[in-house]
Amino acid sequence: TDTPELKLFSPPWGEMYAMPAVTQTLLDMSDFDVAAWLIEEINDVFVSTEGTAFISGDGVGKPKGITSYTMIANASYAWGKIGYIAGGHTSSLNNADKILELQHALKPAYRQNGVFLMNDTTLSVIRKLKDGEGNYLWRPGLLESQPDLLLGKPVEIDDNMPDIGAGAYPVAFADFKRAYTIVDHVTGTRLLRDPYSAKPYVNFYVTKRVTGGVSNFEAIKFLKIATS
């Protein structure tokens, strides 16, 4: 058999940080744990910031998002680029067959665990699409904890994904566990509590290092709003 080839996967690391300040008096006199609340709020912002970077990050001091890679027509697909299926219209998404083509652009090994990713506005358009027999492509999850389905596959909503528009890539279909790798630094979120530098304030210096990038270009495909 042919000798397998290995390539270095080295996406850029980025560091998020925040440094809110709280008076020592508030920390001492409050009826609830102000420090714990503050850390929780910072973590929420960090999660939102990470989510944006995983979709649209440019790779400069932050993870490289899935929409920031070079896109290429799937018929001409090459490793290192992400293949796309043209939606068949210059500015709108109105062809149900193209959603099916997007699904089958993935090899069966990846399609098995494939998930559609789009924003809520795009979903509202896709929910109206029907097949040739008048059946809706989208199926709501009717049971508790059951996902909404599109052509039998789960649909995930992320409002960081682009809207439908000329030249945009509003829908992805991927086995994301194999397509995109996220690495958190071993220390996770780090807190440095500084009561000295800005008396009477206590500075909470919070940092987190994270990286992410596409590690398997065969496991992700996009739908492009274009005729070719």
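Helices (H or I, at least four residues) and strands (E, at least two) are DSSP runs, numbered from the N terminus. The views show a predicted model, where local features need pLDDT of at least 70, side-chain atom pairs count only at pLDDT 80 or more, and totals for chains, interfaces and linings use all residues. Residues are numbered from 1 along each chain as its sequence is written, and side-chain values use heavy atoms, with hydrogens and water left out.

**View A. Gly87 sits in the loop between strand E4 (82-86) and helix H3 (96-105).** Gly87 has a relative accessible area of 1% and is buried (under 20%; exposed is over 50%, partly exposed in between; 1.4 Å probe, protein chains only). Leaving out residues up to four places away in sequence, Gly87 touches Asn95, Lys98, Leu223, Lys224 and Ala226 (contact: heavy atoms within 4.5 Å). Glu101 is 14 residues from Gly87 in sequence and 9.3 Å away in space, C-alpha to C-alpha.

**View B. Asp33 caps the N-terminal end of helix H2.** A side-chain oxygen of Asp33 lies 3.3 Å from the backbone nitrogen of Ala35. H2 has 23 residues (34-56), and its end C-alpha atoms are 33 Å apart. Buried residues of H2 include Leu38, Ile42, Phe46 and Phe54. The buried residues of H2 pack against E1, E2 (21-23), H1 (24-29), E5 (115-118), E10 (180-198) and E11 (201-214).

**View C. Glu50, Asp184 and Lys208 are linked in a network of salt bridges.** A salt bridge is a side-chain nitrogen of Lys or Arg within 4 Å of a carboxyl oxygen of Asp or Glu. Glu50 and Lys208 meet at 3.0 Å, N to O. Glu50 lies in H2 and Lys208 in E11, so this pair ties together parts 158 residues apart in sequence. For Asp184 and Lys208, the closest N and O atoms are 3.9 Å apart. Glu50 is buried at 10% relative accessible area, and Lys208 is buried at 14%. Asp184 is partly exposed at 42%.

**View D. Arg209 forms a salt bridge with Glu15.** The closest N and O atoms are 3.7 Å apart. Arg209 lies in E11 and Glu15 in E1, so the pair ties together parts 194 residues apart in sequence. Arg209 is partly exposed at 33% relative accessibility. Glu15 is also partly exposed, at 38%.

Terms used: The expected span of a helix is 1.5 Å times one less than its number of residues. A polar contact is a pair of N or O atoms within 3.5 Å; within protein, one must be able to donate a hydrogen and the other to accept it, and residues adjacent in sequence count only if both atoms are side-chain atoms.
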